[in-house]
Amino acid sequence: MEINEMKKMTYRDAIRLGMTEEMRRDDDVIFLGEDIGLYGGAFGLSEGMLDEFGEARVMDTPITEAAIVGTAVGAAATGLRPVCEMMFMDFITLGMDALVNQGAKMHYMFGGQAAVPMVLRLPAGSGSGAGAQHSQSLEAWLCHVPGLKVVTPSTPAQAKGLIKAAIRDNNPVCFIEHKMLYKMEGLVPVDDEFTIEIGKTFVERPGKDVTIVTYGTLLHKAIEAAEFLAEEGIEVEIINPVTLYPMDMKPIVESVIKTGRLIVAHEASKTGGVGGEIVARVVESEAFDYLNAPIIRLGGLDVPIPYNKELEAAVVPQRNDFVHGVYRLLNRE
Amino acid sequence: MIELSEEILLRMYYKMNQARFFEEKVEDLFEKGLIYETTYLSKGEEATGVVSCLALEKGDLASLTHRGHSQAIGFGLDVNMMMAELLGKATGYCKGKGGSLHIADVENGNIGANGIVGGGFTLSCGAALTQKYKKTGKVVLCFAGDGATNEGSFHEALNLASVWKLPIVFLIENNLYGMSMPVSKHMNIENISDRSASYNIPGLTIDGTDFLEIYDVMTKSLRYARAGRGPVLVEAKTYRYNGHSSSDAQVYRNKEEVQKWQKKDPLLRFVNYLHENRVFTDKQIQTIEDEAKTSIEHAVEFAMESPEPEITTVLEDIYA
Amino acid sequence: MEKEVISPIEKSSSSEIIAEKSAKELLPDSSQEKAQEEIQDEIELKPEPDPRLEKARATPAARRVAREHQINIQTIPGSGPNGRIQIEDVKRMVVFSPGHSGYSSPETAVIGTALEEIIGNPENVFSDPIKEEIKEEKSEKRETKIKKPVAMKPAARNNKSEMMPNPKLDFVPFVEGEVEPLREEIIVKSVPLSSLEKTSFEKTAPEKNEQQSENKTILTEKRKDIAERMVRSNLETAVITLTTEIDMTEVKDLRKKISKKIESQAHFRCTYTDFLLMATARALMKQPIINSSFENDEIIPHAYANLGFAVDTDDEMIIPVIKNAQDMSFVEMVKRRGETLKSVKNKYYTPENLEGSTFTISNLGMYGILEFSAIINQPNGAILSVGEVVQRVRVHQGEAVIRSVMKISLNLDRRVADGMAGAKFLQDVKADMENPSLLLF
C-alpha cells in the first residue's frame with residue numbers, strides 16, 4: 001500500500017493513534033493499566049480511549065503491577081492481545097516474575113505451545129526531574145531475557161509504526177517510550193496499515209567517517225552533533241537499532257566496516273548496558289578487522305538519576321559528548 | 001451433597017490410581033537415574049489433584065503447581081506424553097524442553113504447571129479475563145500450595161479477581177509444609193481460607209483426603225464462579241508422603257505424623273467407600289487398579305522408546 | 001608450575017588451551033605469588049621489560065591491511081594517539097612499498113610510470129580503471145620496482161580517498177614539473193650551494209670564516225661525491241615539492257624577549273633555526289612517515305628525529321646531525337645546535353656526527369634566497385628548504401600590516417609518502433612556528 005499521506009502529530013498522539021487503530025481492527029486487543037481510563041493515563045496518553053472502547057476494553061487496574069503483567073500474560077496465552085501500561089518503566093520491577101519467568105519463557109518452555117501476544121508499554125528515561133525511582137532506562141534488563149522483544153521508538157512515525165507492529169506480534173514485546181519525547185512533533189503516516197518491522201535496524205543518517213549507534217532521545221542529540229560536525233566536513237553515520245532485542249546487527253556491522261570508527265550511546269547506565277552488547281557483537285563480527293580506532297561507549301553515569309536539573313543532565317550523554325567522541329576518534333582532540 | 005454417578009466414581013478411582021502409580025514409577029525412575037530433574041511428588045495429594053479437576057466442565061482451564069502430576073492426570077493429560085516429558089523426550093508435552101515443572105497442554109486449557117511458587121495466580125486472572133471478555137462461560141481452576149499464599153502475587157491476584165469478578169476458583173492444597181516450613185510458622189492464621197475475607201470473596205476449608213467433600217465443594221464453587229459472581233478461595237488440607245523434592249531428608253517431621261496421615265490415605269478412603277457402598281465388586285476394583293497400573297507401565301515404555309529431541313530444536317520456539 | 005602459569009597467558013590467542021587448563025592452574029594463589037617473586041628477582045637484574053614495547057600499538061584495521069600485504073606492522077610508524085598505527089599509516093606503506101607483491105593500486109602505477117600524465121592535475125591519479133590498467137602495463141615495460149603488477153582489486157579503489165587533496169588546507173600540494181628540466185635546475189642550484197662566498201650558515205652565528213674557495217668549478221673528490229649523490233637522488237626519486245609561508249613575526253618577537261635568558265643558560269644565542277628545528281622535530285613525531293629512510297626498496301620509519309642541517313664550510317657542504325631532537329627542550333636544542341655548528345666550523349667532528357640523519361633542513365635564507373627546492377639527502381625521505389625571512393604586507397587579524405614571513409618548502413620522495421602527509425607535516429611546522437611560545441615547553 002502506498003504510504004503518502006502524512007499528518008503532523010506528537011509522539012504521544014502517535015502511540016495513541018497506533019493503539020486506537022489496532023483496537024478498532026482487532027476486538028481481541030484490550031488495554032489495561034493504572035489510571036488509563038477516565039484519568040486518561042498519567043501522561044495523558046490514553047485520553048479519549050475509554051469513551052471509544054468502553055470499560056471492557058480500556059481497563060483501569062488497581063495499583064498492582066505484578067497482577068497487571070501476570071494478567072496480561074495469562075490473557076495473551078488464552079487468546080487476547082493485551083496492551084498494558086506501566087505508569088513508569090521503573091515499576092516493571094514489581095511485575096518482573098510474570099514477565100521474565102512466565103511470559104518470556106512460556107512458548108519455549110512449553111515446546112512451542114501458547115503464544116503470548118502482549119505489549120508492555122514502558123515510559124522510561126530521565127529529564128523530567130522525577131528522581132531516581134521514576135527516571136530509569138532499564139532496557140538492558142529486558143534485553144537479557146530470551147523470548148522478549150524490546151523496541152524503542154525515537155520519532156512519532158516510529159512510535160505509531162512500532163506500537164502497531166508490537167500489538168500484531170505474537171510475542172511479549174516491551175515497548176519503551178521515552179517520556180521526554182511525548183511532546184515531540186513529527187510527520188506520521190496516516191495509513192492504518194503502516195507498521196515498522198520489529199527486528200530491523202535503521203540507518204537514520206548516512207555518513208562515512210564515524211558510526212554512531214544510538215536510540216531514544218540520544219538519537220536526536222546525535223543528529224544535532226552530526227549536523228554540527230557536517231559543517232566541519234565530518235560525515236557521521238547514525239544508526240538507530242529501534243529493536244534492541246533481538247537486534248539486527250547487519251547494518252551496524254556494515255557501517256563499521258565502512259567507517260572503521262564506532263560510538264555507541266544510550267541514556268541507561270553504561271555498566272551492563274545495551275551498548276556493551278552492541279560493541280561486543282561488532283568486535284565478534286567481521287567488522288573487527290576494519291576498526292581503525294578504539295570504540296567509544298557513551299552511557300549514563302553509574303549513579304541513580306538525581307533530582308536536581310543540572311545533576312540530572314550531567315548523568316546523561318549530551319550533544320557535546322558526541323562531538324568530542326567523534327573528534328577523539330578522528331584524532332582531532 | 002452432590003450425587004456421584006458410577007461413571008464419575010470409576011473415572012475418579014482410575015485416575016487417582018494412575019496418579020499414585022505414576023508417582024511411584026517416577027520415584028523408581030529417578031532412583032535409577034533415568035529422570036534428570038529433581039521431582040516434586042504428589043503422593044498423598046491425589047484426591048485434591050484428581051477430584052477437583054473432575055469437577056470441571058469441558059473447556060474449563062487450569063493452572064497447576066510444581067507438585068502437579070496428580071493435577072495434570074486429573075485434568076486429563078496423556079500419561080504417555082507426561083512420562084515422555086519427564087524423561088526429556090521429543091514426544092513429551094513440551095518436546096523435552098519443559099520437564100516436570102512445566103507440563104502444559106494449553107490448547108486443552110491446561111495453562112501449565114509452574115516452577116515459580118505463586119506464579120500461577122496472576123496468570124489465572126489473565127486466563128479468566130479472557131473467558132469473561134469472550135463470554136465463554138468457562139472457569140479457571142488455579143492450584144496453589146500453602147506457601148504460595150504468602151506471596152504478594154496471591155494477594156494481588158485475589159484482589160484483582162475480586163474487583164473484576166473473574167471466574168476463578170483458587171484451590172489451595174495445604175499440605176502443612178512450605179518445603180520444610182510448617183504452616184504454623186509461616187502464617188499466623190489457622191485456615192488459609194480466612195484470607196478470603198480481605199477480598200470479600202467466599203473462603204472454604206475442606207478435608208483434602210475426602211474425595212466426596214472435595215467434589216461437592218468444588219462443583220459448587222465452580223458453579224458460583226461460572227455464574228459471574230467472582231472468585232472463590234478453597235483450602236484443602238492434605239499431606240504429601242514424600243519429601244519436598246527427591247533431595248529432602250525430611251528432618252522437619254517425624255514418621256508418626258506421616259503414618260497418622262497415611263491412615264487417612266485418599267485412596268484408602270476411596271476404596272473403603274466403594275466397599276461400603278458396594279459400587280463395584282472387588283474384582284472390578286482390582287481391574288481398575290490393574291488397568292491404571294498397566295497404563296503407567298505403558299507410559300514408561302512409550303517414554304523410553306521415544307526419541308531424544310534433535311539438538312537443533314534447542315533454537316526452535318523462542319518466538320511464536 | 002610457574003611455567004604453566006605463564007604459558008596460557010602467552011598463548012592467549014588460543015582459547016582452547018586456556019579452556020583445557022583448569023581454573024586451579026590458571027589462578028593458583030601460591031604459584032602466582034611465586035611468579036610475582038620471580039618477576040621481582042628479574043627486576044633487580046635488569047630494568048623491567050614493558051610488554052607494550054614489544055607489541056606495536058595498531059588498530060585492527062591497520063593490522064588487517066598489513067597482514068594482507070605482508071608488511072611487518074612493527075616497522076610502520078603510527079600517526080594516531082600515542083603512536084597508534086592506523087589504517088592510513090599502513091596504506092601509505094602499501095602504496096609506496098615496492099617490496100610487496102601480488103598487489104597493485106592505481107597510485108602505485110602512477111608513481112612508477114610517467115609523471116607527465118599527472119602534471120598539474122593531481123586528480124589524474126584517480127582516473128578511470130581502464131587508464132589505470134594502461135599505466136600498469138607501462139610500468140612493467142619500464143621495469144619499475146613494482147615486481148608483480150596485477151589487475152587492480154576492487155578494494156584498492158577504496159583507498160582513493162586517502163589521496164584526495166584537501167581543499168581546506170591553505171596550500172594545495174602540487175606535482176613537480178617534468179623530470180628532465182627539474183633535474184638540471186636543481187643541479188645548477190646545488191653546485192653553488194657550497195661555494196657561495198658567504199661563510200656562515202647562520203646570519204647570527206658569532207664566528208665567521210673568512211676563507212673563500214678560489215674556484216667554484218673545481219670538483220674535489222668530496223664535491224664529486226656530493227654531486228653524484230645528488231644526481232642519483234634526482235634520478236631515483238620521484239619528488240614533489242610543497243611550499244608554505246610562515247608568519248615569523250611571533251618568533252621574532254619571542255626571540256627578542258627570551259634571547260638573553262636563553263643565552264645565560266645555553267651559552268649560545270638562540271636563532272630562528274632553533275625554533276625551526278624544534279618545530280620540525282615535533283612535526284616529524286606527528287607525521288612519522290616523513291621521518292623515514294628509503295633504502296634497498298624498503299621504507300624504514302624512525303621513532304626518533306635525527307635532524308641533519310646543511311652547513312657549508314670553506315670547501316664543502318656538510319650535514320651534521322642533531323640526534324634525538326624529539327626529546328630536547330628548547331635550551332638543549334640551542335646548546336646542541338650551537339655546539340654542533342661550532343665543532344663543524346672548527347673541523348672538530350667525527351664521521352659519527354654526520355651519520356644517521358632521518359630528516360634534513362637546508363637553509364639558504366641568509367643568502368637572500370626566498371624559496372628553493374633542495375635535493376633530498378638520501379636515504380632520507382624528505383628535505384626542508386628554508387628561505388629568507390622578509391617583510392611583507394599581509395592581512396593579519398583583518399588588517400593589512402607588515403609582517404615577517406618566511407617560505408619553507410618540503411621536497412618529498414613520493415615513494416615514501418604522499419603529498420597529504422607532507423602537507424600535514426608542513427601544517428604542523430607552520431602551526432608551531434606561528435605559536436612559538438609552545439616550543440619553549
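## Salt bridges in the predicted model

Over all chains, the structure holds 41 salt bridges, a salt bridge being a side-chain nitrogen of Lys or Arg within 4 Å of a carboxyl oxygen of Asp or Glu. This is a predicted model, in which local features need pLDDT of at least 70 and side-chain atom pairs count only at pLDDT 80 or more, while totals for chains, interfaces and linings use all residues. Residues are numbered from 1 along each chain as its sequence is written, chains are lettered from A and ligands numbered from 1 in the order in which they are written, and side-chain values use heavy atoms, with hydrogens and water left out.

## Pairs within chain A

A:E22 and A:R168 form a salt bridge whose closest N and O atoms are 2.9 Å apart. The pair links distant parts of the chain, 146 residues apart, with A:E22 in helix α1 (residues 11–25) and A:R168 in helix α6 (residues 156–168); helices (H or I, at least four residues) and strands (E, at least two) are DSSP runs, numbered from the N terminus. A:E22 is buried at a relative accessible area of 0%, whereas A:R168 is partly exposed at 25%, where buried means under 20% relative accessible area, exposed over 50% and partly exposed in between (1.4 Å probe, protein chains only).

A:D27 forms a salt bridge with A:R57, with 3.6 Å between the closest N and O atoms. A:D27 lies in the loop between α1 and β2 (29–33) and A:R57 in the loop between α2 (49–53) and β3 (58–60), so the pair ties together parts that are 30 residues apart in sequence. A:D27 is exposed at 52% relative accessibility, whereas A:R57 is buried at 10%.

## A pair within one helix of chain C

C:R64 and C:E68 meet through their side chains in a salt bridge (3.5 Å, N to O). Because they are four residues apart in helix α6 (residues 60–68) of chain C, about one helical turn separates them.
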